[in-house]
Amino acid sequence: MKLALTIAGSDSGGGAGIQADLKTFFSHGVYGMSVITSVTAQNTLGVLGVQNISEDMVYLQMKAVFEDLFPDAVKIGMVSTKEITEVISKGLEEYKPGKIVLDPVMVSKSAHRLLEKEAIKTLIEKLVPKALIITPNREEAEVIVERKIQNVEEMKKAAKDIAKLGCRTVLIKGGHLEGNKAVDVLYLGEDNYVFFEEEKINTKNTHGTGCTFSAAICANLAKGMDVKKAVAYAKLYITRAIETSEDMGRGWGPVNHFCIGFNN
Ligand SMILES: Nc1ncnc2c1ncn2[C@@H]1O[C@H](COP(=O)(O)OP(=O)(O)OP(=O)(O)O)[C@@H](O)[C@H]1O
Ligand SMILES: Cc1ncc(COP(=O)(O)O)c(N)n1
């Protein structure tokens with residue numbers, strides 16, 4: 001069995017964060033582990049509160065996992081503060097996992113800030129260069145490149161610029177672009193781009209789509225797929241998970257993790 005680790009925040013409502021990641025790992029037949037950075041009191045309507053875990057405890061969770069259950073791939077989601085970002089970076093430098101998926105979570109779908117403004121620079125300097133793949137949505141990519149991104153051409157340019165920050169590949173998700181298509185742009189280096197295009201599904205059940213997508217990429221990398229294949233299979237998973245979602249709660253509902261069946 002392959003092992004995957006998520007370093008992320010907890011979502012009490014179960015739709016995003018650690019909970020979405022572990023469900024995704026399970027449905028891919030991969031053994032899931034967690035390092036919790038922050039506990040959010042959250043449901044489909046919004047975030048009621050956030051309590052960060054101490055840096056020492058974040059480090060100890062990493063130590064506990066890496067010294068006994070070394071993961072085949074790691075996913076990083078909500079890191080919350082500059083200090084937590086720094087300690088994660090220190091742990092990664094010490095244990096050197098081979099494959100890191102960085103989902104630079106900044107703001108929740110319900111518009112609650114999940115990454116302090118002061119932590120953005122640290123995330124860019126310390127975590128981006130360690131990532132095999134970074135998976136920003138359009139707004140996150142805009143923050144990283146410090147300019148607006150309005151179409152696929154601009155997504156391509158931004159992906160190339162983000163790669164220059166030191167990560168090897170970049171996936172900019174276009175779920176939030178205007179229009180009836182969801183286009184994601186994967187940049188694999190030099191002039192090598194792959195486009196993933198799907199009709200936008202008309203649903204409010206998109207809480208945790210980014211978490212689920214990056215966790216599926218992580219699970220596929222843990223299984224030994226290359227980045228292109230890992231993203232292609234993860235895209236099938238997230239599309240199906242959105243398509244087959246059931247309405248739950250009164251806000252942004254979760255996606256369905258029973259969509260494909262065990263072992264993908
Ligand atoms: N309504 C939709 N229909 C089809 N695909 C979608 C839809 N919304 C998002 N996606 C796809 O889901 C994946 C996650 O994209 P999204 O842009 O929602 O990420 P995100 O904003 O990081 O998510 P989150 O807000 O959960 O962190 C992408 O492949 C995107 O194209
Ligand atoms: C703990 C945690 N991590 C990530 C997200 C982003 O997900 P979304 O943008 O769908 O709200 C979240 N809401 N909560």
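1. In this predicted model, Val101 stands opposite Ile133, a residue of strand E6. The two strands concerned, E5 (residues 100-102) and E6 (residues 133-134), run parallel and are joined by two bridges. Val101 also belongs to the largest nonpolar core, where it is listed with Ile76, Ile88, Ile217 and Cys218 as touching the most other members.

2. The sheet to which these strands belong is open and has nine strands, in the order E3-E2-E1-E4-E5-E6-E7-E8-E9. Its pairing is mixed. At the edges lie strand E3 (47-52) and strand E9 (193-199), each of which pairs on one side only. As background, the strands of a sheet pair through backbone hydrogen bonds, in either a parallel or an antiparallel sense.

3. With E6, strand E7 pairs in the parallel sense over two bridges, and Val170 of E7 is the bridge partner of Ile134. With E8, the pairing of E7 is antiparallel and extends over three bridges; here Ile172 has Val185 in E8 as its bridge partner. Both faces of E7 are covered: Thr169 and Leu171 are buried on one side, and Val170 and Ile172 are buried on the other.

4. Helix H1 (residues 17-27) lies across E1, E2 and strand E4 (73-76), and runs at about 150° to E1. Helix H8 packs on the sheet and touches E6, strand E7 (169-172), E8 and E9. The direction of H8 makes about 10° with that of E9.

5. Met155, in helix H6 (residues 152-163), counts as buried because 25 C-beta neighbours lie inside 10 Å, the threshold for that class being 20 or more. Leaving aside neighbours within four places in sequence, Met155 is in contact with Ile149, Ile172, Gly174 and Val185. The C-alpha atoms of Met155 and Arg113 are separated by 23 Å, the two residues being 42 apart along the chain.

6. The largest nonpolar core comprises 71 residues. Helix H7 gives the most to this core, with nine residues. Ile76, one of the members that touch the most others, touches Ile7, Ala8, Ile88, Ile100, Leu102, Asp103 and Leu127, residues up to four places away in sequence not being counted. In general, nonpolar side chains tend to be buried together in soluble globular proteins.

7. Around ligand 1 there are 23 residues, of which Asn137, Gly175, Ala182, Ile201 and Gly210 come nearest. Strand E8 (181-187), helix H7 (209-222) and helix H8 (227-243) are the elements that give two or more residues to this shell. By class, the shell around ligand 1 holds eight nonpolar, nine polar and six charged residues.

8. The shell around ligand 2 has 17 residues, and those that come nearest are Gly9, Ala16, Gly17, Ser108 and Lys109. Two or more residues come from each of strand E1 (3-11), strand E2 (31-42) and H7. E1 gives the most, with three residues. This shell divides into six nonpolar, nine polar and two charged residues.

How values were computed
Residues are numbered from 1 along each chain as its sequence is written. Chains are lettered from A and ligands numbered from 1 in the order in which they are written. This is a predicted model: local features need pLDDT of at least 70, side-chain atom pairs count only at pLDDT 80 or more; totals for chains, interfaces and linings use all residues. A residue is near a molecule or strand if its C-beta atom, placed from the backbone, lies within 6 Å of it. Helices (H or I, at least four residues) and strands (E, at least two) are DSSP runs, numbered from the N terminus. Ala, Val, Leu, Ile, Met, Phe, Trp, Tyr, Cys and Pro count as nonpolar, Asp, Glu, Lys and Arg as charged, and the others, Gly among them, as polar. A nonpolar core is a set of buried Ala, Val, Leu, Ile, Met, Phe, Trp, Tyr and Cys residues joined through C-beta atoms within 7 Å. A residue is buried if 20 or more other C-beta atoms lie within 10 Å of its own, exposed if 12 or fewer, and partly exposed in between; C-beta atoms are placed from the backbone. Two residues are in contact if their C-beta atoms, placed from the backbone, lie within 7 Å. Two strands pair if DSSP finds at least two bridges between them. Axes are lines fitted to C-alpha atoms, for helices over the stretch in contact, and angles run from 0 to 180 degrees between N-to-C directions.
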